[in-house]
Amino acid sequence: MKEVNPNETTRAYAYEFWLKAPMPMVTFFKTLDVSRLVKASKRQGLKFNMLMCWCVGKAASCVKEFYMLPVGDKLIQYDTIAVNTIVANKNGEVSSCDIPFSDDLATFNADYLRLTAGVAESCENHDLADSMVIGTSALAQFDIDGAVGMYSGIFNNPFMIWGRYRKSWFKTMLKVSFQFHHTQMDGAHAAHFLDMLQKEIRSL
């Protein structure tokens, strides 16, 4: 990771106009067809949430804007990305766990299982400060139509939220929300990411 001069990047205009905005976050909503993920989860014994996190990382890795993030008043460029998941720990509370993204699903799955198990047992967050982290929160036991994340003014990371998927005769659908900082990307970049996410899910 390194600090970059915003004027030497494609985000110069956005940095000038959105970095100090009172509310610089934008939220998109999308309904995804996750039929392939559900089938893969059941047939291969893989966690659905892990598969979703991997597809999020896979899609994000194809969008260059994900590798740049406003941190404080600086624009930071990262070499790697990670996907965060919320873990229920042994004390009945929740902890945060960053999973380094790997293009190899088996590697990502191994890291996911190892790191989330460690966080659940230790009740300590696992943070990857040197990666651009995409936050996720899965409320899998609840039917929700969407959620708008809180803007703390401290963390500018993109964030995804989803609830329980819904089955019909032929498809399984999942509503997701995606929140992003306007300095990091524009609406077109976010929409492209969501399209890529659907593509990755269908091609799993």
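**Exercise 1. The chain as a whole**

What is the accessible surface of the chain, and what percentage of it belongs to carbon and sulfur atoms? Describe also the folding of the chain in general terms.

*Solution.* The model is a predicted one, in which local features need pLDDT of at least 70 and side-chain atom pairs count only at pLDDT 80 or more, while totals for chains, interfaces and linings use all residues. Residues are numbered from 1 along each chain as its sequence is written, and side-chain values use heavy atoms, with hydrogens and water left out.

Step 1. The accessible surface comes to about 10,600 Å², and 54% of it belongs to carbon and sulfur atoms. Such areas come from the Shrake-Rupley method with a 1.4 Å probe; for residues, only the protein chains shown count as cover.

Step 2. The chain contains 5 helices and 10 strands. These are DSSP runs numbered from the N terminus: helices are H or I with at least four residues, strands E with at least two.

Step 3. The radius of gyration is 17 Å, close to the 17 Å of the globule rule for 204 residues, so the chain is as compact as a globular protein of that length. The radius is taken over C-alpha atoms, and the rule is 2.2 Å times the number of residues to the power 0.38. The C-alpha trace spans about 50 × 40 × 30 Å along its principal axes.

Step 4. Of the 204 residues, 48% count as buried. Buried means under 20% relative accessible area, exposed over 50%, and partly exposed in between (1.4 Å probe, protein chains only).

Step 5. Among the contacts with a separation of 6 or more, 69% join residues 24 or more positions apart. A contact means heavy atoms within 4.5 Å.

**Exercise 2. Helix H2**

Which residues of helix H2 are buried, and what covers them?

*Solution.* Step 1. Helix H2 comprises residues 35-44, and its buried residues are Ser35, Leu37, Val38, Ala40 and Ser41.

Step 1. The cover of these buried residues includes strand E2 (25-33), helix H3 (48-60), strand E10 (172-181) and helix H5 (187-202).

Step 2. Just after H2, Gly45 takes a positive phi of about 65°.

**Exercise 3. An aromatic pair**

How many aromatic pairs are there? Describe the pair of Phe66 and Phe193.

*Solution.* Step 1. Rings of Phe, Tyr and Trp (its six-membered ring) pair if their centres lie within 6.5 Å; planes under 30 degrees apart count as stacked, over 60 as edge-to-face and the rest as tilted. By this rule there are 8 aromatic pairs.

Step 1. Phe66 and Phe193 form a tilted pair, with 4.8 Å from centre to centre and 55° between the planes.

Step 2. Phe66 lies in the loop between H3 and strand E3 (68-71), whereas Phe193 lies in helix H5, so the pair ties together parts that are 127 residues apart in sequence.

Step 3. Phe66 counts as buried because its relative accessibility is 0%. Phe193 counts as buried on the basis of 0% relative accessibility.

Step 4. One aromatic cluster is formed by Phe28, Phe66, Phe178, Phe180 and Phe193.
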